[in-house]
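Hi,

Here is the structure I promised to pass on.

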Amino acid sequence: MRMKTVDLIYFNAGGGHRASALALQQSIEQAGLPWQVRLVNLTEVLDPQGTLRKYTFSPEEYYNARLARGLTIGLRHELKLLQGALRLLHPTLLKILRLHWLRTEPNLVVSLIPNFNRALYESLVATLPGVPYVTLLTDLADFPPHFWMEPGQDQHLICGTPRAVQQALDAGFPADKVHATSGMIIRPDFYLTPADFDRDARLRELGFDPQRAVGVVSFGGHGSRSMLTIAERLPDVQLILLCGHNVRLADKLRALPATAPRHVMGFTSAVAEVMRLGDFFVGKPGPGSLSEALHLGLPVIVTRNAWTMPQERYNTDWVRDNGYGLVLPSFRTIGTALPGFVRALPQYRARVAAYRNRAVFEVPHILDDILHAAQRVDAAAGTMLSRHLAADAK
């Protein structure tokens, strides 16, 4: 028997979907599961020659550029336009995806992306019936309709919050197809603290005073202009500012006057190591960055306003309701809000410490159970077929 193949479907819009796929791939390998795990970029499947990206524009690059500039207002309406376009293109998507499944023949498909789950599921069922289809939400909750969950599909859902689980059940998915985890997937290295890690010594190397609070400011791999607002309003606060690939933003931040030490960084793969130096986190309410900060014990400061992406609005409720940090109407108010927040850090830290997220280690075992259940169904079907053939032969 050939090794079982597990396909993890992602795309690069926002970066969080690819990061989750990579983290899951690493966790599956660490779990010792005998699978061939393939990372499948849906954009490359649908546009293998890059024609759309070459002659028109790249939707992923457009989306990421908007994030970097903080131009997120109006995304709710653009989402509806995208979903309308996908409905019109549905027959074409099915044709492309059916050819893809015929060529690649996976044994299990795991989608870590929204919006495309109808086309992915229907094409898989029509081409490779019996192959399980799983949607793993990388958001804390669904943003219906037709975002993560497509009611009526005979598939599995993996949900990282009680809210998402309840949404799935309310949408009509049977309880045995809805799998709860303790949080969002984050990279396994966030669970490993180096034995020689000395926070105070590292902070002193960077020019910080370990006895004063240090904030880690991050808005993902492309940064955000909001970081300039934060830095301007906190000149006397020690900050580590992670700008990702946004070199221009990093240069502007370095040029700002400040009375407290600062460290401005470009892209780094050692995000966990950097975040361990902080006392609190400031950024957008993305599910990945929130989960990383909370896992490392950092209370968070985020905003909710017209610029907050629609699928991340629930995240701010989640932060506020659980007491994990502050939800501000704008980062323009962070200067007046921060002193009280810093004084209350022990209370915030106690609530954050109670949050236990082991999702990246839980999901491989959930997938293993799904795959074994599918194999049992196949075996039972094969037995029934053999019996029918034997009866016919008599």
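Helix 15 and helix 16 are roughly perpendicular to each other (the word covers angles of 65 to 115 degrees; under 35 would count as roughly parallel, over 145 as roughly antiparallel and the rest as oblique). Their packing angle is about 70 degrees, and their axes lie 5 Å apart. Axes here are lines fitted to C-alpha atoms, for helices over the stretch in contact, and angles run from 0 to 180 degrees between N-to-C directions. The helices and strands are DSSP runs, numbered from the N terminus: helices are H or I with at least four residues, strands are E with at least two. Where the two helices meet, F341, V342 and R343 of helix 15 are in contact (heavy atoms within 4.5 Å) with L345, P346, Q347 and Y348 of helix 16.

Before the rest, a word on the source: this is a predicted model, in which local features need pLDDT of at least 70 and side-chain atom pairs count only at pLDDT 80 or more, while totals for chains, interfaces and linings use all residues. Residues are numbered from 1 along each chain as its sequence is written, and side-chain values use heavy atoms, with hydrogens and water left out.

Which residues of helix 15 (residues 334–343) are buried? They are I334, L338 and F341, where buried means under 20% relative accessible area, exposed over 50% and partly exposed in between (1.4 Å probe, protein chains only). These residues sit on the same side of helix 15, because they cover an arc of only 70 degrees around the axis; the arc is that of the directions from the helix axis to the C-beta atoms. T336 and R343 are exposed on the other side of helix 15. The packing partners of the buried residues are helix 10 (226–233), strand 10 (280–283), strand 11 (300–303), strand 12 (325–328) and helix 16 (345–353).

An open sheet of 6 strands runs in the order 9-8-7-10-11-12, with parallel pairing; two strands pair if DSSP finds at least two bridges between them. Strand 9 (262–265) and strand 12 are the edge strands, each pairing on one side only. From one strand to the next, the twist averages 15 degrees. Strand 7 (residues 214–218) pairs with strand 8 in the parallel sense over 5 bridges, and V217 has L241 in strand 8 as its bridge partner. Helix 13 (residues 287–295) packs on this sheet, touching strand 10 and strand 11, and its direction makes about 160 degrees with that of strand 11. Helix 15 packs on the sheet too, touching strand 10, strand 11 and strand 12, with its direction at about 160 degrees to that of strand 12.

N246 counts as buried because its relative accessibility is 18%. A polar atom of the N246 side chain lies 3.1 Å from the backbone nitrogen of L249, within the 3.5 Å limit for a pair of N or O atoms to be a polar contact; within protein, one must be able to donate a hydrogen and the other to accept it, and residues adjacent in sequence count only if both atoms are side-chain atoms.

Strand 4 and strand 5 pair in the parallel sense over 3 bridges, and T135 has L157 in strand 5 as its bridge partner.

L157 belongs to strand 5 (residues 156–159) and counts as buried because its relative accessibility is 0%. Leaving aside residues up to four places away in sequence, L157 touches T135, L137, M149, A168, F173, K177, V178 and H179.

Finally, some backbone details. Most residues other than glycine have a negative phi, and most peptide bonds are trans. The peptide bond from P144 to P145 is cis, with omega near 5 degrees, and P145 is in the loop between strand 4 (133–136) and strand 5. H146, in the loop between strand 4 and strand 5, has a positive phi of about 60 degrees. E105, in the loop between helix 6 (90–104) and strand 3 (108–111), has a positive phi near 45 degrees.

Best wishes
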